[in-house]
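Biologist: Hi! I'm new to this one, could you walk me through it?
Modeller: Happy to, let's take a look together.

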Amino acid sequence: MGSGRARAKQAKVARELKYSSPSADFEALQRELGSKPTTSDDKEELDQDRSIAESRNIRPTSDDD
């Protein structure tokens, strides 16, 4: 008994999750993960690493542009 009310509540929650657009606080996430923002020095180092890898015909594992 009472499964109709529980099912209706689950459907309501599912609808809210499906159609809502939650806002993400990326700065808080970055702080939580302990990462720092990419600086121009980091980008230069990454470019150097990529050019070395290309000269040695090594394929990068990921593309972080």
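**A chat about the helices and the surface**

Modeller: E44 has its place in helix α3. The model is a predicted one, where local features need pLDDT of at least 70, side-chain atom pairs count only at pLDDT 80 or more, and totals for chains, interfaces and linings use all residues. Residues are numbered from 1 along each chain as its sequence is written, and side-chain values use heavy atoms, with hydrogens and water left out.

Biologist: Is E44 buried, partly exposed or exposed, and why?
Modeller: E44 counts as partly exposed because its relative accessibility is 49%. Buried means under 20% relative accessible area, exposed over 50%, and partly exposed in between (1.4 Å probe, protein chains only).

Biologist: Which residues form the negative surface patch?
Modeller: Those are D41, E44, E45, D47 and D49. Like charges are joined within 9 Å, nonpolar side chains (Val, Leu, Ile, Met, Phe, Trp, Tyr) within 5 Å.

Biologist: What about a nonpolar patch?
Modeller: F26, L29 and L33 form one on the surface, together having about 350 Å² of accessible area (Shrake-Rupley method, 1.4 Å probe; for residues, only the protein chains shown count as cover). L29 sits in helix α2, residues 26-33, and is partly exposed because its relative accessibility is 41%.

Biologist: How many buried residues does α2 have?
Modeller: The count is 0 among its 8 residues. Across the 65 residues of the protein chain, buried ones make up 2%.

Note on methods. Patch = residues over 30% accessible without salt bridge, like charges linked within 9 Å, V, L, I, M, F, W, Y side chains within 5 Å. Salt bridge = Lys/Arg side-chain N within 4 Å of Asp/Glu carboxyl O. Helix = DSSP H or I, 4+ residues; strand = E, 2+ residues; numbered from the N terminus. Lys, Arg positive; Asp, Glu negative; His and termini not counted. Charge placed at Lys NZ, Arg CZ, Asp CG, Glu CD.
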